[in-house]
Amino acid sequence: MSPAQISSVLPSVLISSLNILGSVNTWNTEQAMMIIQIMSASGFQINTGSSLSSLGTLIQGLFAQSIQTIPSSELIVVGRDATFVNHMLGASPVVQGVFVQKIISVDQSPATVVQNVPDELATEIPPTSLSFTPETLDIKQLNKKTWTQDQAAMFFETVSTTDFDTEELSPSVLQGFTCTTVRKASKTKIKKLVRACRKRKGRSKVVLKETQLTCMYNQLKGELNQNYAEYPSDLLIYFNAKDVDKTNCRSYFSAVGAADFSVPSRILNKPKQIFSEGQSCLGIKGTELSRDNVMVLGNLVCTLDGSYIQNSDPHILENLKSCKDFSESQVTAMQTLLLSGKTPYGDVETWNEETLQKLDPLPLYFTSNAWGKFKPRATKRFLKKFMPKLRKSKTKKKKLKKLFKQCSPHRGKRGAGCTLGNITTVSINDGSFPFGYDQTQFDLCLDVPVLKENLNSICDRVDDDDFQTIILRKLNEAYPAGVSDENVQLLASVSRTATLNDISKWNITRIDTLSALMNTDNGPWEEAKSRAVITKYLNTPGNSLGNNELNAIDSNLCALDITALKTITPDSLRKAKSLNVASCSLEQKKVLYEISNISFSSLKSSPSSYFNLIKNYLGGAPLADIQTLSTQNINMDIGTFQILDTNVTKELTVSEVQSLLGSNVPDLKTFEKAPAVETWINLQRQSDLDTLGLGLKTTRVDPTTTPASNATSPGSNTTPGSNTTPGSNTTPGSNTTPGSNATSPGSNTTPGSNTTPGSNTSPGSNTSPGSNTTSPGSNTTPGSNTSPGSNTSPGSNTSPGSNTTPGSNTTPGSNTSPGSNTTSPGSNTSPGSNTSPGSNTTPGSNTSPGSNTTSGSNTSPGSNTSPGSNTTPGSNTTPGSNTTSPGSNTSPGSNTSPGSNTTPGSNTTPGSNTSPGSNTTSPGSNTSPGSNTTSGSNTSPGSNTTSPGSNTSPGSNTSPGSNTTPGSNTTPGSNTTPGSNTTPGSNATTSSATSTTTPANSTSSRGEGLNHLPSSLFILAMLMNVLQLHLV
């Protein structure tokens, strides 16, 4: 009956005939919907279990809202009626979902849910309702029902630890096998469960994903036997050559030939690997396969290239009938073999409808080259049964579209108007429709009234894009004010050809309409179009992203923006099925993860259940949460690992990934070429990867020394804790002790120099042979020069441009300013004394603590400065003069003669002269910037000659923060970097292989400086040295 005929029947007649109408099995959705609407408009109410059951096959036209008004208890009762359940299977997915949800609402305990929900509708139970305890698990009940893999995984852990006969488990239950769900099972139990998954007569195949199969292999590795019939055929794909006894290889290839070769990831290249091994085992040469070869290889021929297909025994065509898809080259080779006339299908001249029937399902892949060998009449008769069969098996729309184009005969231009006859209800109901029509004739022969009356049937049978565009155009003509929910619901795959403008004219206010449009059987949506459809639904007042909407939308959820996703409530997500969000952006995944984490928080006490629920959303999980999962023994599968945020995986250590994957760790090797896995591997150190024992190789390079650094000269010694950086050079005989740092670019340590712990040499500093940077904490800054035999005490600071000459001594706390020169052997600077730029101290001169020598002042040999005395620019102190009193001042241009003494508070004005013998010796004396101290001068403890810019012997470079202690010797060309520490006796040489200076060396160096002084000054200098050593 057409919609027009149905509408002409009196409502009372329809209601009274409901018992008969409900037994008809040929109603389509459009017809059933119209009958129910007419009856409902006349007062027929669907508000009880019995009224629902009375609909019979008409239930396919029921709206979901009608179920909501029926008491849940009554739905449980009708759900026990097998006939009613069979009818319910014809209803829309959303109606089935609402029906099951109403039943669950009565009692949400898992055991009761399983008992109340009809076996055939169990797939509608949300996974959150299937978390059993050993006490509530009823395996017999579980075995009777149909489950999805996501559902079975929720209770399989409990199944795997329960004592029962594994052989009794149904294929549907066995789908739940994962390394997560068998984590608590014994090895013996795991072996039995794997065996239970084998192919058995009278039982359907246990469908397993790749990660489940690799899990099984990892669990059994090392304990595999040669009885291949004991294993699931798909598992055999993951066997390695070493797992197969060469004497038994034929049995292996015969068994693996029953496998589904569409399961393994392309990146593993398993088919090619297995066939290569098969060639060796079966003695295959070239591209010709014998009948015996073909029969042994089985489904493996589905993976062979065209050259094997067209050159092999014709029996290969029978094997190809089991294949799920073909490449273009395979189709060409298959047709070449058929057209050769050397197959059981005979010469092409004899081909007819019967030939096509015998070749079924191969004609699905034929091109026009093969279809052209059949008469159109034979083709049409074949398609009349072939097309309904393809649609019933839910063949992909992409294949159906291609088939129609290839089998349709090419027609030349015809005259104006419809020449093939107008399209009618009768022609539409022919299984081969619209075969025989081209685009022009379809347009001309399809009238708008016929389209309106047969919209459901036309949309169900027309797959060609061009024809579908014509349907949409005529539909807009038929309903200029907009297409109703009821009609939009019938568009099927035609909806995918719609433009955004077409969609804007649709009414999408009911969940039934949204569900029909989102049905994946009708092909994928373009993102912009699916977003327009969903948004149009959500714009209707009262509509939201509830659990029914989420189930309907599924993967199309990723078309929505962040704002829309944030409206999803945790309760809605908890009641929904497992959603596919793989195509979502990172930001979308983060939003969905946050919601799901709340949704499933109540199950965190059960790591297995929690992981199975949330794993689809882990692509948005932060690092901390993934690290937490790694501590819970979940055995994450490699598939889930690959969907994690790359910003998270790159931060995971080898030990964390090992804990995260658990028994799935070997899959890192299996999938080492997968982008996500390869990226992670190449971020790890080789030494860390080696701990896994998988033979993984990283491209990461970890240099043992920093590029451009040189610490390789013969005889050089570096002890534990010493550091060398780029550009630093240690020459033969130089020694660096623990904690010393000689690593800054450009720093040079020459033969015989010694650096002790805590000493720091800055860039550009130069240490000469025999020099000693002796005390921890001493600092030599850029540009400072230390001559052979000079000694710097702890805490002393040398400023940029300051020069220390052989035999000079700087004690703790003494400071030498930029430009000051302590040039003469035997000069001493006392603690706290300060020398200003331009001041000069001559051999034998002594500066007391607190004394100050200012710019341009000169101190002659034997002169002494007392504490607190001040010498101003231009003042001169001659040999033997004494500036003795604290606070005495010498003005610019003043001169102190030998033997003269300055008392506390005394001031010397410009041009004044102090006679020989004067002494400036008191503590606190300060020498100003530019003062120069000559050989023999002594600085007491506390003096600082360490300010930035001090220079130590030509060519040596010391970085900021370096500390040189007593006895260290640095010569020209030695390099020490910031923070380097050199201890007494360490040597940093240039190119001399024998110049190694010990503390004894530095002592003799100082002695050589003192031996050049007059005897009186020599004795004075020696006394100052004794005082300095005592203070140190």
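## Aromatic pairs

The structure, a predicted model, holds 23 aromatic pairs. Rings of Phe, Tyr and Trp (its six-membered ring) count as a pair if their centres lie within 6.5 Å; planes under 30 degrees apart are stacked, over 60 edge-to-face, and the rest tilted. The pair of Phe382 and Phe386 is stacked, because the ring centres are 4.6 Å apart and the planes stand at 25°. Both residues belong to helix α24 (residues 376-392), where they are 4 residues apart, about one turn of the helix. Helices are DSSP runs (H or I, at least four residues), numbered from the N terminus. An α-helix has 3.6 residues a turn, so residues three or four places apart point the same way.

Phe382 is buried at a relative accessible area of 4%, and Phe386 is buried at 2%. Here buried means under 20% relative accessible area, exposed over 50%, and partly exposed in between (1.4 Å probe, protein chains only). Phe433 and Tyr437 make an edge-to-face pair, with 6.3 Å from centre to centre and 70° between the planes. Both Phe433 and Tyr437 are buried. One aromatic cluster is formed by Tyr217, Tyr228, Tyr231, Phe239, Tyr252 and Phe253. Arg510 lies over the face of Phe63, 4.1 Å from the ring centre; a charge sits over a ring if NZ of Lys or CZ of Arg is within 6 Å of the ring centre and within 35 degrees of the ring normal.

## How the model is treated

Residue numbers start from 1 along each chain as its sequence is written. In this predicted model, local features need pLDDT of at least 70 and side-chain atom pairs count only at pLDDT 80 or more, while totals for chains, interfaces and linings use all residues, and side-chain values use heavy atoms, with hydrogens and water left out.

## Salt bridges

There are 34 salt bridges in the structure. The term stands for a side-chain nitrogen of Lys or Arg within 4 Å of a carboxyl oxygen of Asp or Glu. One of them joins Glu353 and Arg381, whose closest N and O atoms are 2.8 Å apart. Glu353 lies in helix α22 (residues 353-359) and Arg381 in helix α24, so this pair ties together parts that are 28 residues apart in sequence. Glu353 is buried at 19% relative accessibility, whereas Arg381 is partly exposed at 42%.

Lys389 and Asp360 also meet through their side chains, at 2.6 Å from N to O. Because Lys389 lies in helix α24 and Asp360 in the loop between α22 and α23 (368-371), the pair ties together parts that are 29 residues apart in sequence. Lys389 is partly exposed, at 48% relative accessibility. Another salt bridge is formed by Asp521 and Lys394, with 3.4 Å between the closest N and O atoms. This pair links distant parts of the chain, 127 residues apart: Asp521 is in the loop between α33 (511-517) and α34 (527-538), and Lys394 is in the loop between α24 and α25 (397-407). Asp521 is partly exposed at 33% relative accessibility, and Lys394 is exposed at 57%. Salt bridges with shared partners join Glu167, Arg195, Arg198, Arg200 and Glu230 into one network.

## The nonpolar core

The largest nonpolar core has 222 residues, and Trp506, Phe641 and Leu668 have the most contacts inside it. Helix α9 (residues 93-104) supplies the largest share of this core, 7 residues. Such a core is a set of buried Ala, Val, Leu, Ile, Met, Phe, Trp, Tyr and Cys residues joined through side-chain atoms within 4.5 Å. In soluble globular proteins, nonpolar side chains tend to be buried together.

With its neighbours within four places in sequence left aside, Phe641 is in contact (heavy atoms within 4.5 Å) with Met636, Thr649, Leu652, Val657, Leu660, Leu661, Val677 and Trp680.

## Helix α15

Helix α15 (residues 210-220) is largely enclosed by the rest of the structure, because 10 of its 11 residues are buried. Among the buried residues are Glu210, Cys215, Tyr217 and Leu220. The buried residues of α15 pack against α12 (149-160), α14 (187-196) and α44 (667-670). Gly222 follows α15 and has a positive phi, near 90°.

Ser457 is found in helix α29 (residues 455-461) and is buried, with a relative accessible area of 8%. Apart from neighbours within four places in sequence, Ser457 is in contact with Asn28, Ile428 and Asn429. Ser50, in helix α5 (residues 49-53), is exposed at 56% relative accessibility. The C-alpha atoms of Ser50 and Val78 are separated by 7.4 Å, although these residues are 28 residues apart along the chain.

Technical notes: Helix = DSSP H or I, 4+ residues; strand = E, 2+ residues; numbered from the N terminus.
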